[in-house]
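Take a walk through this structure, one element at a time. Start with a helix, then follow what surrounds it.

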Amino acid sequence: MSDKLIVFDTTLRDGEQSPGASMTHEEKVRIAKQLEKLRVDIIEAGFAAASNGDFDSVRAIALAIKDSTVCSLARANDRDIARAGDALRGANSARIHTFIATSALHMEKKLRMTPDQVFEQARLAVRFARQYTDNIEFSPEDGSRSDPDFLCRVLEAVIAEGATTINVADTVGYAVPEQYGEFIRKLRERIPNSDKAVWSVHCHDDLGLAVANSLAGIKIGGARQVECTINALGERAGNCSLEEVVMAVKTRKDYFGLDVGIDTTQIMPASRLVSGITGFVVQPNKAIVGANAFAHASGIHQDGVLKARQTYEIMRAEDVGWAANKIVLGKLSGRNAFKQRLQELGIELDSEQAVNEAFARFKDLADRKSEIFDEDIHALVSGEQGEAGEGAYRFVALAQRSETGERPHARVVFSENGKEVVAEAQGNGPVDATVNAIESHVRSSAELLLFSVNAITTGTESQGEVTMRLSRSGRIVNGVGADPDIVVAAAKAYLSALNKLQSPVEKVHAQGI
Ligand code: KIV
Ligand code: ZN
C-alpha cells in the first residue's frame, strides 16, 4: 500500500454548498491558484452541471491550474458527466467525480429508486465517464449508513468498470472514528478488486468528528485519500479541515507513517483568503489557523516556551505560514510594484482599467494605513469586485455622528445602478444607523442573520473586515466589506450582501432532493 496521503480539496465545491459561501468566478480562480500553491493533489473545482456559471468556473480553473489535478463533481447521469467532461477539457490532469446515494433511506426517500436501479446507474455512470478520462472517482453518498453487503456489490462493480478512487462518504456526519475506520477496512477486505482503487474518506462535522473520522479511515481503514476543505468550510457544520488533518498526519508521522505533499507554509494564506472571500470568519481558538493557535498566553507556558520551544509547542507557527504575515507594500510603492504583487498573489484583474482602479484604492488605503499586507490587498480586490463589481449598489461616502447620550446618526451616499442616492437615519449605534439609512431607500425586507467584525491584520491601525449575512425568501448570502473605518466596512458589507441577494440563482444543488 502507498505511503503517500493524497489531499483532495473540495472548498470550491462542498465548501461552496454552505449557505452564504457562494463565490464569484474570479474568487474561485483565485482560491484555486492558492490551492495549487499549497500543492493539494486534487482540486474539486465545482459541480459543472449546476449552472452555466459553475461550468465556466470549472473550465477556467481547469485551464489555469497546471500542477494539481482538477476535478468536477457529477451526479450519476450522462448529462452531468458530459458537462463535467466538457468543462475539464484542456486540463493538464482531470478527474470526474460521480456519485449516487446507496443507503436504504436515501434510495427510498430521496432517489425513489430500488437498490438494483441504483446499482445499474452507478455502473453505467462510471462506464460513461470513461469516455472522458481514466481518472474516475466514485462516491457512495451516505456510504457510512449503507448496508455493507449492498455497498460491496456496488463498489466491486464500479471498480470493474474503471473507477480508480472509491470515496466512502459520511454525508451526514453520523460516523464515529473506530466504527468508520473498521467499516472501510472490511469493505476493502471483502471486495475482491479493492486493490485496483485508491480508497478515500469524506467526512462531515455534524458531531465534531470529521477530522477524527478521517484519521481513523486512514489509519484503520487504509484510506490513502482525504477529502477536506480550508477552514473546514462545508455543508451544515462543515467538512474535515484540511489544515487540521494535514498537520495531524505530518506532526504525528511517527504514528501515521505517511507523507503529504502539502506546502504547509501556504496554509495561513489559504485560510485568510477563503475566510476573506466567503465571510466565514475563523474562530480564535480554531486549531492551526485560529488567532490563538500559537499564542502562549499564560505565564507558565511562556516561560516554558522561552526555555525550550518543544515544552508546549508541537508545531512551529512559521511552518503553517504565520510568519508570512509581512509588510509587502507601503505609501511609496508604485503601480508596477502593486501590479507585480497582484500577480504573485494570483490575482488577475480583467483590464488595465481594473488595475488602475485597484491601484487608486490601494493608494487611498496606503494614505490612511502605513503598512500594507497581503491580506489588505486581497480585501481591497475582493471589495472591488464584490461590492462594486456587477452589483447594483456601490458605496460612495459616509458621515456618521455619535456621542454618549445622543442617538447615533448616519448619512450614507451610495449609487444604485449608477445613480447616486443619499440616505440618512438614526439607530441604536453607528452601524445600526448606517444600515437603517441604506434600508430607508432600498427596503430589501431581508433579515440580518449575522454581523461580525474582524481585524484583518494586527494593531488598531488594521482594516476591519465586516461580514453581514442576510436572508430573504430562504436564500442566504454573505457580504464582506473592509476598511480602516469599521462603520464604512459595515456599509460596504451590507451593500455587497444586497448585491448578492439580487443576483439570479438558477443553480442545481448536487445533493438536493
Ligand atoms: O457528503 C457527500 O456525500 C458528498 C458527496 C457528493 C461525495 O459531498
Ligand atoms: Zn460532502
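**From a helix to the cores**

Helix α17 covers residues 486–502, and its 17 residues reach 24 Å from first C-alpha to last, close to the 24 Å expected at 1.5 Å a residue. That expected span is 1.5 Å times one less than the number of residues in the helix. Helices (H or I, at least four residues) and strands (E, at least two) are DSSP runs, numbered from the N terminus. The model is predicted: local features need pLDDT of at least 70, side-chain atom pairs count only at pLDDT 80 or more, and totals for chains, interfaces and linings use all residues. Residues are numbered from 1 along each chain as its sequence is written, chains are lettered from A and ligands numbered from 1 in the order in which they are written, and side-chain values use heavy atoms, without hydrogens and water.

Helix α17 is mostly covered, with 15 of its 17 residues buried. Buried means under 20% relative accessible area, exposed over 50%, and partly exposed in between (1.4 Å probe, protein chains only). D485 caps the N-terminal end of α17. A side-chain oxygen of D485 lies 2.9 Å from the backbone nitrogen of V487.

What does α17 lie across? It lies across β12 and β13, running at about 150° to β12. Axes are lines fitted to C-alpha atoms, for helices over the stretch in contact, and angles run from 0 to 180 degrees between N-to-C directions. Contact means heavy atoms within 4.5 Å.

Now look at the sheet itself. It is open, with three strands in the order β12-β13-β14 and antiparallel pairing. Its edge strands are β12 (393–401) and β14 (419–426), each pairing on one side only. Neighbouring strands here are turned by 15° against each other on average, direction ignored. Strand β13 (residues 409–416) pairs with β12 over eight bridges. Two strands count as paired if DSSP finds at least two bridges between them. Y393 stands opposite E416 in β13. Helix α16 (residues 430–442) also packs on this sheet, touching β12, β13 and β14. The direction of α16 makes about 45° with that of β13.

Another open sheet has three strands in the order β15-β16-β17, again with antiparallel pairing. The edges are β15 (447–455) and β17 (475–483). β15 pairs with β16 (residues 464–472) over eight bridges. V453 stands opposite V466 in β16.

Next, the cores. A nonpolar core is a set of buried Ala, Val, Leu, Ile, Met, Phe, Trp, Tyr and Cys residues joined through side-chain atoms within 4.5 Å. Of the 95 residues in the largest one, F138 and W199 touch the most other members. Helix α6 (residues 148–161) gives the largest share of this core, eight residues. A second, separate core of 28 residues includes V421, A423, I438 and L495. Beyond its neighbours within four places in sequence, W199 is in contact with residues including L155, I159, I184 and R224.

Two single residues close the tour. F55 sits in helix α2 (residues 52–64). F55 is buried because its relative accessible area is 11%. Not counting residues up to four places away in sequence, F55 touches A48, R83, D86 and A87. F55 and R83 are 28 residues apart in sequence, yet 7.3 Å apart in space, C-alpha to C-alpha.

Q266 is found in the loop between β9 (259–260) and α11 (267–278). Q266 counts as buried because its relative accessibility is 18%. Its side chain joins that of Q34 in a polar contact of 2.9 Å. A polar contact is a pair of N or O atoms within 3.5 Å; within protein, one must be able to donate a hydrogen and the other to accept it, and residues adjacent in sequence count only if both atoms are side-chain atoms.
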